[in-house]
Each structure stands twice: as C-alpha cells, then as structure tokens.
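Hello,

Here is the structure I said I would pass on. My notes follow below it.

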Amino acid sequence: MAHKISSLSKGYVVFLLPGVFAFLLLIVFPFLANIGLSFTKWSGIGKPIWIGLANYDKAMGDSSFWASFKNNLLLIVAMTIIPTIIGLFLATFLFDYIVDKFGQGVSSFFRAGFYLPQIIPLVVAAIVWRWIYQPNWGALNGLLKSLGLDSLTRAWLGDHSTAMYAVMGMMVWFQIGYPLVIFMAALQRVDPELYEAAALDGASWLQKFFYITIHLIRPEIYVVVLTTAIHALKIFAPIYAMTRGGPGKATIVASYFSYQNFFERSNVGYGATIATVLTIIIILLTTVFIIVQTRREQ
Amino acid sequence: MLTKRWIATFVAVVAILSLLAACAPTPAAPTVAPPPTEAPTKAPAETPTQAPTAPPAEKRVFKVWHYEVGYAMGDSWADALEDFKATHPDVEVVFEEKTFEQIMETARMILSSADVPDAMEINKGNATAGLYSKEGLLTDLTEVAKERGWDQIMSPSIQTTCRYDEKGIMGSGKLYGVTTYGEFVMVYYNKDMFEEYGVEVPTSLEEFEAVCDKFVAEGITPLTLGALEMWPQTHNWQELLLYKADRDLITNYQLLQGEVDFHGPAFTFAAEKFAEHVQKGYYGPNANAVGYVDANAAFFQGKVPMNLTGSWAFGEFMKQIKDFDWGMFLMPGKKFNTGSGGNLWIVPQNAKNKDLAYDYIDLALAKKAQTVMANAGGIALNADVSQVTDPKVRELNELFATIVKNDGLAFYPDWPVPGYLDILGGCLQELIAGTKSPTEFNDCIAGPYNEYKASLE
Amino acid sequence: MVNRSLIVNGTVKSISLIALITLLLIMVSPFAIITFNAFKTEDELYAHGPLSLPQSLNFKNLRETWARVDYTTKLWNSLVISTAVAFLAIGVSLFNAYALGIGRVKGKAFLLVFFILAITLPQEVLAYPLYYFFKSVGLYNTRLAVILVFTVLHASYGTYLLTSVFSVFTRELIDAAMIDGCNKMQLLFRIVVPLSMPSLSVLFVFFFIWTWNEFFLPLVFLVSNAKQTVPLAAAVFQTQHETLLTPQSASAFLGVLPCIIFFILFQRTLTKGITVGAIK
C-alpha cells in the first residue's frame with residue numbers, strides 16, 4: 001500500500017521532459033537571442049554591431065512607442081472585458097435556458113454561429129470589415145441611413161477619432177465566440193445536483209449564477225481573461241490588414257510598431273528592443289496573475 | 001479499451017502526418033504561366049511527372065519568381081518564359097507566383113538561404129535592392145549587361161535604379177538589376193464627363209485647379225483617392241512638390257546627400273498646396289477611409305472624373321472601363337514627373353544557374369516580349385512600335401518617352417528611407433484629416449528622414 | 001395564475017429567441033457578404049458594390065482563383081500542418097498538465113510561467129532567431145518547421161488550460177485510483193483523459209483553427225509556393241497594386257470555406273463530449 005501511494009505521488013517529472021525540451025529549443029533560446037539582438041544595431045543581414053543600451057534609451061523616450069500602448073489597453077477592453085462578460089451570460093443562457101426550452105440542438109446551433117467569427121483568418125476578416133466600414137456604400141453607414149440616423153454616419157476607418165473604435169468593434173465581434181465555447185465546455189463539469197440543492201434552499205437565479213456557476217468554472221474564467229489580455233497586448237494582424245496603424249498613428253499598437261522596425265525599416269536591433277520591453281510587460285502581468293490564481297486554488 | 005484505441009490512433013496519426021510532412025515529396029510547383037490574353041477558365045495546373053533519375057545527364061531546373069501576374073509585365077514575362085522553354089528544351093522550368101508583401105518582408109531571408117531562385121523580381125530602391133546589394137546577396141551584372149547589350153536597351157536614366165554603390169545608394173556603381181519596363185504617374189480622366197461639364201484638359205496647375213473647382217461646384221468629387229492604404233497619396237503629394245523642385249533637390253533627396261530642407265520653398269509649397277486642395281474638396285470628404293481598390297472602382301463606375309495613379313494600372317483600366325471614353329494627361333506645367341524604371345530582375349548570388357537567368361533576361365528584353373508588354377498596356381523599353389495596335393497604348397508609351405527625353409524622371413518619394421512609405425503616407429493622412437498643419441506635416445516627415453540619414457554616417 | 005405564467009413564459013421564450021437570432025445574424029453577416037461576393041461577376045461587383053445579392057451563381061471567379069493559386073496544394077498543406085499540430089500540441093499539453101496539475105510537481109507556478117512564456121512572445125521575436133536555427137538544421141522552407149513552432153506555441157496555451165482544469169480534480173479521485181492499483185500512465189489515460197474530454201475536444205478544435213489561420217510565421221518560413229498554406233494564398237490578392245475586387249472576394253471565400261466545413265463536422269464531436277464528462 002505504502003509503495004503504491006508513493007509511486008503515484010512523485011515521479012511525474014518525466015512527463016515534463018518532452019515539453020521542456022521543445023520549449024527550451026524553440027522558445028527560450030530564440031527569446032534570449034532576441035534580447036541579445038536588442039543590444040545591437042542590425043539591418044537583418046551582415047553582422048550586428050554592438051551598441052549596448054542605446055536602443056533602450058531610445059525606447060524609453062520614444063513617445064510613439066508608449067502612445068501605442070494606449071491602443072493596446074483599449075483592445076483589452078474590446079477583447080477581454082466585453083467578450084468575457086458577454087460570454088459568461090450567453091454561455092449560461094444557452095446552456096440552461098435554451099437547452100431546457102428548445103433542446104440541445106438549438107443550443108449547439110447558436111453556439112456554432114457565435115463561434116463562426118473565430119474561424120476566419122484575420123486577414124480575410126479585415127477585408128470584409130473594410131467593406132462594412134466603407135463610408136460611401138458600406139453596410140454600417142447604409143444601416144444607419146436606413147434607420148434615419150444619417151447624422152451618425154462617419155468615415156469610420158479614416159477618422160482618427162473613430163478609427164480605433166472601429167477596430168475594437170471588429171475585435172469584439174471576432175472574440176465573443178472564444179469565451180462562449182470555453183465556458184460552455186466548462187459548464188458541463190458542473191454537477192446539476194448542486195443547482196437543485198440550491199434551488200431547494202431558495203436561491204435565486206442570480207445567486208446560483210454567482211455562487212455556483214462562476215465559482216466552479218473559475219479555472220476557465222482565469223484562462224480566458226489571461227489569454228485574451230495577452231492576445232490584446234500582442235495584437236498585430238487586424239492592424240496590419242485594416243489600417244496599417246493609420247490614420248496617421250491613430251491605431252498603432254506596440255506589436256505593429258515593433259514589426260515596422262523589424263521588417264519595414266530594417267531596424268532589427270530596435271525592433272528587438274521594443275519586442276523585449278513588450279514581452280517583459282506581458283510576463284510581469286502573467287506572473288502576477290498566475291501567482292494569484294495558484295494561491296487561490298490552495 | 002476506449003483509451004487504448006485512442007492512444008493507438010493518436011500515435012498512428014501523428015506518426016503518419018509527421019512522416020508526410022517531413023519526407024513526402026511535395027507536388028512540384030506548377031509550370032503554368034498564365035497566357036497573355038484575358039485569362040480564360042483553365043484547368044488546374046498540371047504537375048510534371050517526377051521521373052526517377054536513371055540517366056546520368058541531370059535535367060537542369062530553372063527557378064524563376066515574380067509578382068506581376070495579370071499585369072502587362074507579367075504577360076510579357078510569361079511570353080519570354082515560353083520562348084525560353086522553346087530554346088532550352090532540356091531545362092525544367094519552375095515558375096512561382098509570389099506576392100509583393102512576401103518578397104518585401106522576407107527577401108533578405110530568402111536571398112541568404114539555399115532556396116533561392118535563379119532569377120527573381122524585386123522592388124527597386126535603396127531600401128530594397130540597395131540593401132541587398134550592399135550585403136553581397138546579388139550578382140553583379142555589369143559585365144554581363146555589356147556583353148549582352150542590356151545597357152544599350154536601358155537608357156541611362158532608367159539605369160539609375162539598377163545601379164547601386166558600396167553604400168547601397170542608387171544612381172551609380174555596379175549594375176545589380178535589370179528592368180524591362182518603365183512606370184510613371186499621371187491623371188486618368190473621364191472624357192465623357194469632361195465634355196458634359198464643359199472642361200478641357202488643363203495645361204497648367206491653375207487650369208487644373210479651375211477644372212477641379214468646376215466639378216466641386218457641380219457637387220462632384222473631382223479626384224478619387226484611396227488614402228486608407230497610405231501609399232496612393234504619396235504620389236499626389238510628390239506631383240505637387242515637383243512644381244518647385246529642381247534636379248539637385250531630387251538627387252539630394254533620393255541619394256540622402258547634401259542639404260534637404262524640409263521647410264524650404266519646395267516642401268512648403270507642396271504641403272500647403274496639398275492641404276489647400278483637400279480643403280477645397282478635391283478629394284472628397286472621406287479619402288482617409290477609402291481603399292485603393294474602392295477608389296479605382298469609383299472611377300470605373302463613372303462617379304469621379306479623375307484618378308491620379310500609375311501606369312501599372314493601365315492594363316486593368318483598359319479591361320475594366322467599358323462605359324465611357326477616357327484618356328490621360330500628365331500633371332501639367334512642369335518638367336519633372338513621378339516615375340522611374342520598373343522593378344528589377346536580379347540574379348541572387350547563391351543562384352545555381354546564372355547563365356540560364358541571363359538567357360531569360362535576354363528574352364525579356366527582346367523585341368518580341370517587349371511588344372507583348374506594350375500591347376497589354378505596359379511601358380516597354382524595346383517594343384516594335386509598328387506592332388502596337390491600341391492608340392491609347394501608343395499615347396502611354398509616348399508620354400513616358402517624352403519624360404525620359406527631358407530627363408524628367410523624379411522617382412518615388414518613399415525610396416530613400418526603409419519603411420518611409422508608411423511614415424509619409426501616415427503623415428499625409430493627418431494632413432488630409434487636418435490634424436496636422438503643413439508645417440507640422442513637414443516636421444513629421446523630416447524627423448525619420450534625417451534620423452536615417454544620420455545613422456548612415 | 002397558471003395561465004398568466006404560461007403566457008409570460010411564452011413571451012419570454014419568444015423574445016429571447018428573437019434576441020438570439022438577431023445577435024446571430026449580426027455575427028454571421030460578414031460571412032454572408034463574403035459568400036455573395038465570391039459568386040458575383042466582375043460587372044455585378046462594380047455595378048452594385050460588394051454588399052448586394054448576386055444575380056446568379058457564377059463560378060468563373062472561383063475557378064480562376066483556385067487554379068491561379070494552386071488551391072489544392074495549399075489545402076493539403078494546411079490540412080497536414082493543422083492536424084499534426086492539433087494532435088501534437090494536445091499530447092504535449094496533456095503530459096505537461098498531468099505533471100503540474102495532478103502530480104503537483106515542485107515549482108508548479110514557476111513552471112507554468114515557463115510554459116506560458118511561449119504565448120507572451122510577440123511572433124516577430126521568433127522570426128529571425130528561428131530562421132537561423134532552421135536554416136542550420138536544414139528545416140527552412142519545410143512544413144515540419146512550421147509544425148514544430150506551432151506545436152510549441154499552442155502547447156503553451158493547452159498546458160495552461162489543462163493545468164487549471166486538472167488542478168481542481170479532487171483528491172478522492174487520485175486516492176480511488178491508488179486503491180484500484182493504477183500506475184501513472186493508467187491514471188492518465190483511463191481516468192484523467194476521459195474526464196477532461198470536453199476540454200480536450202475544445203482544444204483540438206482551437207488548435208486546428210488557430211494553426212490554419214496563422215499568417216505571419218508561415219509567411220516567413222514557407223518560401224516555396226508548393227509548401228504554402230491557405231491564408232498565404234488568400235493574401236496573394238492583397239498586393240500593393242491590386243486593382244480589382246473580384247480576386248479579393250474569391251480568395252476571401254476560399255480562405256474561409258475549409259474552416260467552416262471543419263467546424264460543422266467537429267461541432268458534433270464537441271456535443272458528444274458532453275456525455276463522457278460527468279464526474280461520478
């Protein structure tokens with residue numbers, strides 16, 4: 001008996017070996033190489049030239065760089081906060097109410113429909129949303145006009161006061177399906193007897209929602225919040241495909257700024273610096289988040 | 001039970017897929033180059049059978065890439081490729097259609113690897129060709145060009161963008177690329193609309209503005225502009241700059257030498273004029289939100305009478321415009337015009353079959369392929385004029401020839417600095433939106449330019 | 001009393017359904033737009049703009065675009081890469097999460113952060129170093145390189161998700177297994193995997209779709225046309241001087257269609273996962 005217990009309580013390290021090896025090789029070493037590059041001046045070919053901390057000095061004082069972060073924060077609203085909240089309510093609604101009243105098939109149908117935007121390559125999504133936002137014949141302005149709301153029409157992607165919000169709109173559309181699917185999978189783990197017991201005790205729907213549902217699927221909620229926030233901080237494709245950071249610099253984000261330096265301006269050293277600073281910020285955020293999450297589970 | 005089956009399936013699938021991915025021969029790239037006429041519905045590309053090599057004589061493979069499929073250049077190069085196949089029956093030809101983006105972003109990586117083609121198209125300019133030549137990634141073609149007569153076909157001003165010095169600056173030095181066409185910017189206009197509103201082709205900037213004012217007064221946007229994409233407006237802006245620029249300014253600007261005063265008379269004029277045109281409504285209220293494709297569509301549909309863009313689109317315009325009569329004119333009343341030799345054919349330093357590449361370039365520059373280019377709406381360097389049928393195409397080539405004769409080619413404003421296209425385009429978006437004044441705009445574009453120039457020392 | 005609550009229930013039912021349908025229509029309208037445009041002729045597109053219904057089903061545009069980008073090859077490449085990554089990434093995540101979530105290996109928080117590092121990195125960071133690495137081992141311009149990179153990137157996410165899920169499995173479960181005389185592999189495959197099947201199914205769908213839609217790293221590592229994937233093909237018509245709407249529309253449609261088909265097929269697998277997951 002003692003022998004069997006001990007064989008199951010330790011010796012799991014071996015399961016980590018393939019993962020750790022692959023990560024070291026393909027992630028950690030390139031990341032270290034990138035840090036090394038950030039101390040150089042390099043155009044992408046030939047020899048890098050060591051310049052010490054000069055790139056970091058420049059980055060700290062670079063207003064475009066820090067301004068771009070503001071857009072990343074806006075995208076956290078659009079990609080983390082809004083979709084998670086909507087996703088929670090929609091998932092519970094579909095999982096409980098719709099399944100009860102209309103059956104599993106209808107619920108799955110809606111889930112598939114809401115997830116559909118996640119399937120599309122962002123490059124393609126950008127094409128379509130450009131058509132939607134087109135000021136002269138686009139769907140959005142067309143809809144507003146047909147509702148008699150002419151005064152609300154805008155040059156969505158061309159006006160620097162609306163451009164970022166237009167991008168955010170597309171990202172909310174894109175992102176809702178992801179928390180929805182995860183939460184619906186999570187809800188399957190919840191024992192229905194808990195709800196019955198709570199109902200017997202006189203709990204309202206809202207109480208059941210907060211004390212049972214949210215409490216029990218909190219692992220998935222953590223995952224969704226953290227991963228969408230990281231995604232928002234790293235976001236690149238929609239900016240690349242829809243606005244290229246314009247009008248002017250209205251929609252530049254940190255990752256796109258770094259890309260411009262890497263690939264367009266052949267400023268690989270500086271691009272590496274921006275990417276390193278961005279990564280450090282993300283790592284700090286992640287570490288704090290995970291420590292909090294791990295502590296709460298114990 | 002269930003789990004054992006899962007494991008087995010899992011392992012089997014992974015093993016098979018990894019093997020497939022790593023070892024299976026990939027289907028060979030199609031050797032189809034689209035025919036020069038309008039693309040009819042064609043069967044999916046044939047895959048040449050991969051015969052196991054028993055005979056000792058290895059079949060040579062000629063790899064060639066470009067990204068102009070569907071344009072006049074692409075048609076002409078496809079024709080040259082067919083000629084190549086006919087004259088080199090023992091060579092297997094592998095053509096791959098690329099994208100502009102892919103080459104722009106990854107050319108450095110590709111050229112430094114072993115997977116290089118024998119001949120490929122790259123963009124001209126310091127930021128691309130200049131950079132690659134500086135790092136030794138391109139074959140020096142100076143001698144070959146002399147031997148085969150390429151330097152006779154390309155005039156000196158065309159060769160400006162083919163030669164790069166040791167610092168990677170264009171204009172002088174060894175010949176690293178060959179261009180087979182020219183390009184320039186002009187105003188396409190709707191003749192029917194001009195007649196309807198009683199305006200004539202302008203012969204000066206003032207007349208041009210009067211034409212625009214007339215259209216604005218009638219409630220019509222005079223010029224279409226896809227400013228969302230950042231690069232179209234750089235042409236409109238430079239055309240205005242050229243009214244006050246001289247050859248020295250252009251040379252200094254392009255070659256990053258001497259003094260370029262972004263607050264001098266030429267740049268001040270350009271910024272203020274451009275802002276003035278925006279305010280007078282010449283580009284309509286939403287230019288920043290409209291894409292290039294949409295801007296052209298508005299012109300095709302006869303909604304907007306003028307479209308300032310390049311000769312690269314001429315072939316498409318020829319195919320798309322059916323409902324009205326159209327023509328072209330240069331922005332009137334100046335010597336210089338945005339334009340240059342076309343994109344470059346280069347032979348990578350790591351290429352395995354350089355002689356085949358040279359043969360191909362010969363064919364691309366030969367009269368036959370060049371005439372194909374002209375007839376498809378391109379600006380050829382060596383076409384047989386008597387074979388050019390369409391009068392508009394003749395007009396196009398004549399316009400270009402005139403500019404070259406007057407030494408008027410002023411190149412493109414984004415060349416001097418890598419990544420300058422988005423900078424210039426972005427600053428212009430702000431000028432259009434009114435969030436930057438002309439002076440602020442000039443600051444906006446001066447900063448990065450001077451920074452890059454300083455970093456070269 | 002009963003009648004009124006029935007009516008209220010009926011109204012609430014209808015309203016909720018209508019609200020859902022409206023929301024759904026908004027979500028899928030872009031797909032409708034892409035589909036309509038793919039079947040229009042050039043003239044239709046220019047005459048009525050991209051937001052009108054097609055007059056008829058016109059396949060010419062699609063056929064030409066299919067041939068021009070050699071779509072069959074691109075489909076196969078995407079399929080091979082996405083499927084391989086989906087399976088491999090689940091495998092790696094499973095092993096990692098098993099050690100961290102069930103085995104409670106020492107330094108769990110630190111190791112979690114180590115694995116999450118992969119998804120904190122912007123992809124530009126990986127481009128140049130991995131280019132040199134793959135070139136040196138002869139994997140530049142191979143699909144295997146892309147498979148390896150995305151396996152690791154997605155396993156990062158999978159490790160995090162599964163560790164979170166496994167961590168809340170109760171101790172009674174493990175004790176029960178010990179009493180039954182399980183070893184570690186049996187515990188993993190006989191108990192843990194079936195219990196987490198809904199999560200694993202979701203991961204499979206995610207990994208497949210995310211890999212399929214990747215653009216940047218495949219652009220960097222896959223040079224030959226014969227190795228490229230569907231999104232890269234869709235990007236052919238986004239070139240700087242592209243003047244026409246029709247190829248753009250066709251390539252958008254072709255770029256989206258395979259994933260829709262995949263999702264419709266695997267929707268059912270996701271649903272089946274329900275019956276297997278109950279904790280007993």
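Chain C is divided into domain 1 (2-48) and domain 2 (69-276), with bounds that come from an automatic or database domain assignment. This is a predicted model: local features need pLDDT of at least 70, side-chain atom pairs count only at pLDDT 80 or more, and totals for chains, interfaces and linings use all residues. Residues are numbered from 1 along each chain as its sequence is written, while chains are lettered from A and ligands numbered from 1 in the order in which they are written.

Domain 1 and domain 2 of chain C each give 7 residues to their contact (C-beta atoms, placed from the backbone, within 7 Å). On the domain 1 side, α1 (2-38) and α2 (42-48) of chain C are the elements that give two or more residues (helices are DSSP runs of H or I, at least four residues, numbered from the N terminus). The largest share, 5 residues, comes from α1(C).

Between chains, 76 residues of chain A are in contact with 78 residues of chain C.

One helix pair links these two chains: the axes of α2 (residues 13-37) of chain A and α5 (residues 108-120) of chain C come within 11 Å and cross at roughly 40° (axes are lines fitted to C-alpha atoms over the stretch in contact, and angles run from 0 to 180 degrees between N-to-C directions). A:G19, A:F23 and A:I27 of α2(A) meet C:F114, C:F115, C:L117 and C:A118 of α5(C).

Regards

Key:
Contact = placed C-beta atoms within 7 Å.
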